[in-house]
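Please look at the sequence and the structure shown below before reading on. The explanation that follows is meant to be read with both in view.

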Amino acid sequence: MTVRVSGKVVTPTGVIRQGCVELDGERISAVAEYPSIRDGHWVVPGFVDMHSHGGGGHTFTTGDADEARAAAAFHLSHGTTSILASLVSSPYELMRDATEAFAPLVKEGVLAGVHYEGPYLSGVRCGAQNPKFLRDPSLDELTELLALGDGTVRMVTLAPELPGALAAIELLVSRRVVAAIGHTDATYEQTGAGVLAGATVATHLFNGMPSAHHREPGPVFALLGSPNVVCELVADGVHLHHGTLAFAAGVAGPDRAALITDAMAAAGMPDGEYELGGQPVVVAGGTVRLATSDSSPGAIAGSVLTMDAALRAAVAAGVPIVDACRMAATTPARAIGLGERIGALMPGWRADLVVLDDDLNVVQVMRAGEWVGD
């Protein structure tokens, strides 16, 4: 039986104002005009979050499968139909156990893969990462983890200036794992060397790296100016000023800018005290920071963002809705190697979509042809 979802359909190239998405099972069979529709809801592709540490009171960072399943379900309710489970800098044993625990969830489709954000990061730019777990890249360690995951690990963030980092990037790329540059104190030249070695993602651009300077451009300009690098942007109004968001999206364009949440367990939860990677954090007024002994502001520690809110923020910053949807779905899907399967409303692609009202709030979510919650 053919199912139709009608409304203002957002495709990668424009908006079909009177349109519908036709479904055949879990796949899209057609995207077409449907003239009988008048002023329907927005129909947009299911969001792809390539960087999230948890949400709804649940975390990915401990490697607990039940927690991961619940965190993914929380974000699914906000329109995220594909999500990477991002760890933070951790001991090898936790990375190993988490990879083993999450592998069945990846095979089941609950998770799109695992992202190691660390531990191969700069101590100077570690932000809320636990400094006691930071270390130089280890080819032996990575080789063991990738073999153990057997396709589970999809992305690794590292600092290209560290000893052994370029060899690690080359190893990752040879195993079809995305190498991302982040939490780095690299120079412009060192960052360029990382890109030349094969890095294709900038982990939360601007955050966890030196500020751009006209005489010392550093990683921001190197990454923003690299035609093969997709730049993650945290559109929560905390990590980035809306002007910075609009500027970066304009420079990179929708094919190289990806909205992410960088969310942690407190997303969707009340203000209060939480934990991230073994460190206490405090959520107040929508901002997450490391807890400090003297109550002074600690480092930003992830966010409480959801992808629907990120889409609204991008549109509010002046990004056209077609471009914003590419940044929230099409581009991140391609960046993590899932393009041509998910991330756009196209015939033959998986039927992942979100129905939004005129204020871009979630009305319904569909994943693989099934409405969430039915």
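The structure is a predicted model, in which local features need pLDDT of at least 70 and side-chain atom pairs count only at pLDDT 80 or more, while totals for chains, interfaces and linings use all residues. Residues are numbered from 1 along each chain as its sequence is written, and side-chain values use heavy atoms, with hydrogens and water left out.

We begin with the strands. Helices (H or I, at least four residues) and strands (E, at least two) are DSSP runs numbered from the N terminus, and two strands pair if DSSP finds at least two bridges between them. Strands of a sheet pair through backbone hydrogen bonds, either parallel or antiparallel. Here, an open sheet with mixed pairing is formed by seven strands in the order β3-β2-β1-β4-β18-β19-β20. At its edges stand β3 (27–33) and β20 (370–371), each with a single partner strand, so one side of each has no neighbour in the sheet. Within the order, strand β4 (residues 42–45) and strand β18 (residues 353–356) run antiparallel and are joined by four bridges. Trp42 stands opposite Leu356 in β18.

Another strand to follow is β8. Strand β5 (residues 47–52) pairs with β8 in the parallel sense over four bridges, and Asp49 stands opposite Ile83 in β8. Strand β9 (residues 113–117) also pairs with β8 in the parallel sense over four bridges; the bridge partner of Ser86 is His115 in β9. From β8 the chain crosses through α2 to β9, and this β-α-β crossover is right-handed (with the strands pointing away from the viewer, the path from the first strand over the helix to the second runs clockwise). Is β8 buried or exposed? Eight of its eight residues are buried, that is, under 20% relative accessible area, where exposed means over 50% and partly exposed lies in between (1.4 Å probe, protein chains only).

We turn next to empty space. Rolling a probe the size of a water molecule over the atoms shows where empty space is left. On a 1 Å grid over the protein atoms alone, a cavity is a set of points where a 1.4 Å probe fits but cannot get out, whereas a pocket is an open set with protein on both sides within 12 Å along at least five of seven lines; lining residues have an atom within 4 Å of a point. Grid points are joined across faces, edges and corners, and a volume is the space filled by probe spheres set on the points.

The largest pocket has a volume of about 340 Å³. It is lined by 23 residues, of which Gly127, Ala128, His183, Gly208 and Ile300 are the closest to its centre. The lining comprises seven nonpolar, 13 polar and three charged residues; Ala, Val, Leu, Ile, Met, Phe, Trp, Tyr, Cys and Pro count as nonpolar, Asp, Glu, Lys and Arg as charged, and the others, Gly among them, as polar.

The second largest pocket holds about 290 Å³ of space. Among its 17 lining residues, Gly109, Leu338, Arg341, Arg350 and Arg367 are the closest to its centre. Both β8 (80–87) and α2 (92–108) give two or more residues to this lining, and β8 contributes the largest share, three residues.

Finally, the structure holds one cavity of 30 Å³ or more. The residues that line the largest cavity include Val10, Pro45 and Cys325, and the largest share of this lining, four residues, comes from α9.
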